[in-house]
Amino acid sequence: MAKRASGILMHISSLPGKFGIGTFGKEAFEFVNFLKETKQTYWQILPLTTTSYGDSPYQSFSAVAGNTHFIDFELLTKDGYLSENDYRNVNFGADVTSVDYALLYKQRRPILEKAVVNFLQSQEGVERLAAFEATASWLQDFAEFMAMKEHFGNKALQEWDDQAVIERDEKTLESYRSQLVDVINYHKVTQYFFFNQWLALKHYANQNGIQIIGDMPIYVSADSVEVWTMPSLFKVDNAKRPKVIAGCPPDGFSEDGQLWGNPIYNWDYHKATDFEWWIYRIQESFKIYDKLRIDHFKGFSDYWEIPSGDATAKNGQWQPAPGFDLFRTVAEKLGSLPVIAENLGYIDDKARALLAQTAFPGMKILEFGFYDIEGRSIDNPHACTYNDVAYTGTHDNEVVNGWYENLTEEQQAYVNAYTHRHDGEKMTHAMLRTLFATVSHIAIACMQDVLDKPANSRMNMPNTVGGNWQWRMRPDDITDEHKAYLTRLTELYGRANLT
């Protein structure tokens, strides 16, 4: 049985810093120091992949390529590819508690372009890029995809003006490669910067006893390099338009269901190729993470398939997915892997059976557990098992203060009684105390709750576009009081990392 442990959920984008968004720079290293000081074991983050639709890390142009917003300029300066004058007076946003993605898209690119030029002017840079390319089989296709996308006005793949490019006519592609060589090189080099900086940060975390829990979305975007170069993986037509799209059915939270828009996998093809692409994708994930949370685990038992063009998810149907065949093949090829299954949402007998077959830890969300004041919820703290990973909430949930404010008086009374909340105790403290006391072998706290943040610090409102993924921690948010409380909880409930 694994040792009891704990950690913090906070994405890289939420780190403080001077560049409008969290980066892999000194603030990230300081956050590792905070985790070590408070005797944590895990830092859980959201997907590191490059974002597309709605700035969501769960909608990406690539299943592998990294989000270049996280590249730190000071580290590039230290490496000799920039000078401070290149970014000293640039406006990255006046609000240090929020990310302005539209502004960053405009302001960061010229600076990164200077760094790329300087990098490629040295023989050392050229050699480093060649070495990186040799280990990144995906890089050429991704760089070409992004260059073509920019050439066609940043339209989605299916809307590009040259059908021969969409269809990947080799003679046409060769012409564009010559024309767009500088832009292709830009995307190659910035990916080198991304992975070079991230792996240095991960190495530092691991040296200090901190493991990274990464996140793998189940789906990729229709506007992605995978759909462009490997359409056989998906249910798409000859123009690479999705025939059916992903989402989830109507439920108590949404009467129309959720319309995600991602293309659905052609599972017959995946089975026929012995799940080769999934083996590759999971391998790539474990190059950059220590543990892997697999998003929407329900979608591997069966999935909600919606006709393309529908305005809601109501007309979808459940379709069978490969289930345990996929994970048995992964285990045969890669061995036993430290995976966490995101088994949230609509979970039926098929989904529960798949989780049991894999023996992966599932997730418990304590906020969900307190809606039923009779104590019968599967997410109630007393329903947690040792093999669960327990959370107060995730990036998709309200922070504790906002959640509590929106409960009924009866629910609030139940929470207060259950958590033994004493007069004057912060609601966040009562919930964190209950979280760390669970039998679950891993407890993960949201950073907003550790900091006792208000409702407007929520990271994401599912099924909405705009206004999400923006929250950032202030530079002076972490106080000695916060450190002392988190350390005390961690030690009290037997979760202290003593390495």
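Which residues touch the most other members of the largest nonpolar core? I will come back to that in a moment, after a word on the model itself. This is a predicted model, in which local features need pLDDT of at least 70 and side-chain atom pairs count only at pLDDT 80 or more, while totals for chains, interfaces and linings use all residues. Residues are numbered from 1 along each chain as its sequence is written, and side-chain values use heavy atoms, with hydrogens and water left out.

Now to the core. The residues in question are F31, W43, L48, F193, W198 and F300, in a core of 145 residues; a nonpolar core here is a set of buried Ala, Val, Leu, Ile, Met, Phe, Trp, Tyr and Cys residues joined through side-chain atoms within 4.5 Å. Helix 8, residues 181–207, gives this core its largest share, with 10 residues. If we take F31 and set aside its neighbours within four places in sequence, its contacts are I8, M10, L15, W43, M447, M473 and I478, where contact means heavy atoms within 4.5 Å.

Let me step back to the whole chain. It holds 19 helices and 12 strands, which are DSSP runs numbered from the N terminus, helices being H or I of at least four residues and strands E of at least two. For 499 residues a compact globule would have a radius of gyration near 23 Å, and the chain, at 23 Å, agrees with that; the radius is taken over C-alpha atoms, and the globule rule is 2.2 Å times the number of residues to the power 0.38. Along the principal axes, the C-alpha atoms fill a box of roughly 70 × 55 × 40 Å. Of the 499 residues, 57% count as buried, meaning under 20% relative accessible area, with exposed meaning over 50% and partly exposed in between (1.4 Å probe, protein chains only). Among contacts between residues at least 6 apart in sequence, 74% join residues at least 24 apart.

V415, in helix 16 (residues 409–418), counts as buried because its relative accessible area is 0%.

Y303 belongs to strand 7, residues 302–307, and is buried at a relative accessible area of 3%. Beyond residues up to four places away in sequence, Y303 touches Y219, K235, I264, W267, Q317, W318, Q319, P320 and A321. Between Y303 and P249, 54 residues apart in sequence, the C-alpha to C-alpha distance is 9.7 Å.

What of the loops? T50 sits in the loop between strand 2 (42–44) and helix 2 (73–78), and it is buried, with a relative accessible area of 10%. Residues up to four places away in sequence aside, T50 touches Q59, S60, F61, S62, A65, G66, N67 and F142.

Most residues other than glycine have a negative phi. K240, in the loop between helix 9 (225–229) and strand 4 (244–248), has a positive phi, near 65°, and counts as buried at 6% relative accessibility. W469, in the loop between helix 18 (447–450) and helix 19 (480–492), also has a positive phi, near 65°, and counts as buried at 5% relative accessibility.
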